[in-house]
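Hi everyone, thanks for coming. Let me put the model up on the screen, and then we can walk through it together.

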Amino acid sequence: MRCFFFVLLTCAISQVSAQALKDITIDQSSNGKVLSTFLQDLEKVHDIDFVGDMNRLEALTVQGIEKPMRLLEYLDSFSGIIDVVKISEKVIVLADKNTLKNTLTNTKPQYLVLSEGSHGSITGTVSDAHSQSTLTGAQLYFPVSKKGTAADENGQFSISTPNTPLVVAQVKFAGYDAETLIIGWSKYATETRLTVKLFQTSKELEGVTVTAERINENVVSQISGVEHLSIETIKTIPTFMGEVDPIRSLTTLPGVSTAGELASGFNVRGGESGQNLVLQDGATIYNPSHLFGFFSAFNPDMVSDITLYKGAGPASFGSRISSVLNVSLKKGDATRHSVSGGVGPVTSRLTVQGPLIKNKSSYMIGGRISYVNWLLHATDDIRLKRSAANFHDITAKVLHTFNDKNFITLSVYNSYDDFRLETDSVFSWQTFNATLKWDHTFSDKWYSTVAVTSSNYRSDVESQDEIEKFSYYNAIQSFGGRFDLTYAPVEETKFVTGLESTMSRLEPGKLTPAEESHNIPFQDMQDQRMIESALFIQGDAKLTDRLSVSAGLRYSYFVRLGREDIYTYDYNNMNGRYPSVVDTVHYASGAVISTYDGLEPRLSVRFLVTPSASMKASYYRGYQYVHLISNTTSTTPQDYWVASGPMLKPQMGDQYSLGYFQNFADNLFEFSLEGFYKTIDNAVDYIEGADITLNPILEAGLSQGKGKAYGGELFLKKTRGKFNGWLSYTYSRSLRKFDGQEATDIVINEGKYYASAFDQPHNVSLVLNYRVGVRGFFATNFHYSTGRPITIPVSKFSYDVYLSVLNYSQRNEYRIPDYHRLDISFTLKDRPHKLSRYRSEWVFSVFNVYGRKNAYSISFDRYGKAKKLSVLGSVFPSITYNFSF
Amino acid sequence: MMKNIRFAMVMLLVVGCIEPYQFKITDTDPGIVIEATLSDKSFNDTKSYPSDGRYFTVKLSKSGDVTNVRPVTLSYATVILTSDQGEQWTYTEEDPIKKPGIYKLFNDDFKAAAGVRYKLSVTSPDDVFIESDWQEMPVNAPAIGPVTFQETTTQRIILNAVSDVKGVTSKLAIPVNETGETIYYRWKFLPTWLYDAPLASTTDAMVKFCWATTSLYLRDYTLQADNEGGYNKDLFFMDVEQNERVLHEFSALIEQQVMTEDYYYFWKEMQELNKADGVFATPPYNLKSNFTSSKGKAYGYFGVVREQGTRWYFNRTDLSYSIPNWLPEQCANPCGPGCPPPPCYNCLRYEGGDVTNVRPSWWGR
């Protein structure tokens, strides 16, 4: 019988507790009770949960109930002082308006309640409300505690929460409407992760900021020398012919300069173009340019964000000593199909995305194509009729989610260029990259990534000359894999360890004459094979409230393998300018020719002087085992890669930096001043008179010496408001010294330091943006830099049968004219329709407003007379129409 | 209108603009340029090639800025050749007015001796002293081989069209190299040919037949670093159609120099620097010099070579195919005022080279 009563009682309680919130009624008997106590009683009886700071309600009592009424109806009577929000049938949020009013913005807050187990530390994802693509760099900020974090490349974040029942959070991302969240925790809530969806800006262009990270990211970030740009920010900078160019956008930031006018190669803190590691979804892009640098290789519609590490970067990156440019591609929308694109005067682009399996798999594929040729061929000018320029690229990414802990992505990139300009030679180059990546989450604190990549680049020259017809190419093929394991126990503490290995085959150059051409000899430089591997560990930790450290160690190992003939040289017995070849050793396929290895420590320390000011110091060491050989200052498709070996040692770079970062007026203004000093061992330069193209003894024509670069970077930015923008100024020097300390080294410029080809002491960028009304956006970009060094003929003489023998200056003794340019653009967005998926905008831009004839290159005829080529020596207006739906 | 706008836009985009640019050169002091070669063949020896003979010559000039067109010669300098045996020879400026900067060693029998080192010194009128390194001729120098020719065809762009051009390639037999050392050859050429003024009377020998000589035709030299020998080396190509030089007898004095490796690369680099090679151009560099100067810069190279010479004759009748003498018909064609051109009736008016109506003593096969 006892058992029977117990069962009845249990059933009765269950029935009561199963009562939905909307059905709960109260009566006059509750009058006089303290409100908080009253609610706690209800929780017990009805198995419901009131989320909020009950202490704030202690001053309130229940009163005025004259007849039975619904609980929700009664609580509404407190709406003047309490926000009452029903989350579910068991959970209701009660937020004290007086407490919240200081932290809320004008936007209406969203209330979210998570599972009680997630209180103390929350994880989540920020994504685009329309496309569902994750928003890398979106910021989550707690205004009360002044803490925040930024979403990683997968749009995910993790942050510890204040120990309060309700937390106000602001979520922002450039180009999107900000969201205010009021987050609570309940035992009845099932969601353990925060899912935030942001809508693209419709009312105002709030997010025109340089960084799309924490509001004070520049001050509190642990790693110095990092530049982060979201694609939305990149799109705000005026463009050439309407084509958004991520790399050119980077050059508006301190410490980053261009190799030449419109060259997509770039130089970081006095480094060479070939010392930058350019990654797109983990695969190396060896030539990041289209049309000889007129446009960059990255499809702006496909790019999620861009991070540039000035230096070797964290220990998980390696193989280049000047910088790492990490480009992340967006993920496709797994819920619905959408299209975006743009139509410009010389290029157009189209991107399509959508689900393959709804909510599990998605695709995103985008392409760009140029159509300059029909313009060329429509003219009557015979030179233009004989000229041609084409490029196209296709970028695709497929995502498949197995479950909330496993997903894979496959990224593919294919590009092709060809270019003929009043010559009989057709220059073409193509890239094919692929990345397959598996992300696995073990727990909230442990996750891993396994990736395999393939990077392929080939550059061709087809001479159509009737007399000297030939085909030439150089190429590099790489295949690699890597594993990253991450442990993030608490906020601002993260450890990453992993390993990677890449096999590469390099073809430095092969020239094949046409069958009927007897004037050109067949030439083939030997293929080179190499494996580069590394183990790394990186730890980011907050030691105290003020002090945090990011430290890493990388061990890299390089091996060069046969099949190859390796020459031995006698530098005491010169053949002209080259040392004599005294022996040839044949290495069979797979035989080890030479090995190198090295430890690469990375350390970055941040000290918060005040909550809005910090000092940062860093040291990076990196090894580079491949070398980009170029006989020009600007990056060109004919540049080729060679591997380190018995004669050519790896380059080693050490960089030291010290900076002061300060934000003013509630992060409205950012200021930074950073100095750096960099040394390079085994820097490569060519010896006097060396033939560095198709030279079978190329290494004999190269010499290795020392390099150093130093400078200061000043950055001032207004982050928001109708009028915003930034000013960056860099003073830097980049010097080389080849003093012949080793027998195999050749003396250049009498063994004294001389300016490298990338030495540009003064570099200024000014970006100003002004919002016009709710749909218009005006942007300007001014850039100035010192002309780059050049070796020029300073005199001439006649000798024997030659009327003019040129006598050149010391290497890089002179400079081409200084460079400056002003661009403007005006963007007009369509009228916002929240319910419409169609978005469009017109971009009117003027490149080189005052028509400055900047030098693209300066060449000399055989008599030494200089000619300045200004490729873009005029004003270039353009109109571009962008759309998405 | 749209077409013009489109054209202008594309022109700007693709062609850009090229305009002269002038650097402010900070180092404008001219250097002294010295051209000097010494060989083991004296004036009298060279006459046996056969030729008119040549004295050892030193040419002095000054470097100029890149906007300067004409080289500036250096006169009234003192040029002395010194041997490591303590002997000295002085060069004499041939004619400071008509041939300034040309200094010759007027000694019919002097020649460089094997095993002896030489150096050249120049003292300019303003007391700048320039001196070369010690130089010595190479040990080995094979005899110059026979010269033959091969009928060949090359392609040239004529009036925007590619045309086959018939010609001959002269070839020199390179002896087998059994020395085990690299032999560095340089060949230079001095052509002479018989010019027949078609409209001149056959009885007027003074204006009918002339011999023209010029260093401007076949002006480039040929180089070869040889390790094996035993092959025919291409020396030069000469077209045979529409080339008045080969209508009658053509001759080329072929001078072979065997030199040191450094001297060889001096010539090789000079040749490479003067080749237009846009796509694969070598980064700029300066030629090496073995002169040192007490003040300012000195350019050039003093070399001591082993020299041999031979004379090669060619006539269009040597060809396996027929080449008509097109010149008489061309001179006979009416062409308006000033016709026929003077060279048609007076060979001394021929401007293809230095012309003489005196038959060279060595002329004829």
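Let's begin with chain A: 47% of its 885 residues count as buried, meaning that 20 or more other C-beta atoms lie within 10 Å of a residue's own, with 12 or fewer for exposed, partly exposed in between, and C-beta atoms placed from the backbone. Before I go on, a word on the source: this is a predicted model, where local features need pLDDT of at least 70 and side-chain atom pairs count only at pLDDT 80 or more, while totals for chains, interfaces and linings use all residues. Residues are numbered from 1 along each chain as its sequence is written, and chains are lettered from A and ligands numbered from 1 in the order in which they are written.

Chain A has 9 helices and 56 strands; these are DSSP runs numbered from the N terminus, H or I of at least four residues for helices and E of at least two for strands. Of its contacts with a separation of 6 or more, 66% are between residues 24 or more positions apart, a contact being two C-beta atoms, placed from the backbone, within 7 Å.

Now a hairpin in chain A. Strand 8 (residues 139-142) and strand 9 (residues 147-150) run antiparallel, joined by 4 bridges; strands pair if DSSP finds at least two bridges between them. Phe142(A) stands opposite Lys147(A). There are 4 residues between the two strands, and Lys146(A) in the turn has a positive phi of about 55°.

Chain A also has an open sheet of 5 strands, in the order 14-21-22-17-18, with mixed pairing. Its edge strands are strand 14 (226-230) and strand 18 (283-284), each pairing on one side only. Strand 18 is joined to strand 17 (residues 276-280) by 2 bridges, antiparallel, with Gln280(A) opposite Ala283(A).

And where is the largest nonpolar core? It has 83 residues, and Ile32(B), Val58(B) and Phe189(B) are among those with the most contacts inside it. Such a core is a set of buried Ala, Val, Leu, Ile, Met, Phe, Trp, Tyr and Cys residues joined through C-beta atoms within 7 Å. Strand 12 (residues 183-196) of chain B gives the largest share, 9 residues. Another core, of 72 residues, lies apart from it and includes Tyr286(A) and Phe715(A).

Last stop: helix 4 (residues 261-273) of chain B. The buried residues of this helix include Tyr263(B), Trp267(B) and Glu269(B). Among the elements covering them are strand 50 (802-808) of chain A and strand 12 of chain B. Thanks, everyone!
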